[in-house]
Amino acid sequence: MFTDIFYFVLLAIIFVDNSGADIILGVLPFARELLRRGTQVVLAANDLPSINDVIYPELIEIISKLKDEQGQLAGVDASNLLIANSGSDFPVCENELYLFYATILLW
């Protein structure tokens, strides 16, 4: 079954290059499911918005407001969640290859 592949994902880098609603309704539920299955999740956001993107400081604020007193996201342990600065202001498509290559080198 296709959903079984998520049990073998050790690290997922998700590029956050969307408006706030997309992050709340799409990215975070996906990240939460990966965390629930034991995956280390990195949410990477740009320094500056391309159009209406959520940027790194805003993402930190969003995540901190959504975590409860125990550091959980809707009942899921978020200790394997890392918020990273992508280090640029380019649209996400240009960052994906660089970070994918860097991830392979570090692996």
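With which residue does lysine 65 form a salt bridge? Select lysine 65 and glutamate 61: they form the salt bridge, and their closest N and O atoms lie 3.1 Å apart. A salt bridge here is a side-chain nitrogen of Lys or Arg within 4 Å of a carboxyl oxygen of Asp or Glu.

The model is predicted: local features need pLDDT of at least 70, side-chain atom pairs count only at pLDDT 80 or more, and totals for chains, interfaces and linings use all residues. Residues are numbered from 1 along each chain as its sequence is written, and side-chain values use heavy atoms, with hydrogens and water left out.

Lysine 65 is exposed, at 63% relative accessible area, whereas glutamate 61 is partly exposed, at 42%. Buried means under 20% relative accessible area, exposed over 50%, and partly exposed in between (1.4 Å probe, protein chains only).

Next, select Glu33, Arg36 and Arg37, which are linked in a network of salt bridges. The closest N and O atoms of arginine 36 and glutamate 33 are 2.6 Å apart; for arginine 37 and glutamate 33 the N to O value is 2.5 Å. Arginine 37 counts as buried, at 19% relative accessibility.

Then turn to the largest nonpolar core, which has 21 residues. Such a core is a set of buried Ala, Val, Leu, Ile, Met, Phe, Trp, Tyr and Cys residues joined through side-chain atoms within 4.5 Å. Val41 and Leu81 are among the residues with the most contacts inside this core. Finally, select valine 41 and display its contacts (heavy atoms within 4.5 Å). Leaving aside neighbours within four places in sequence, its partners include Ala12, Ile14 and Leu81.
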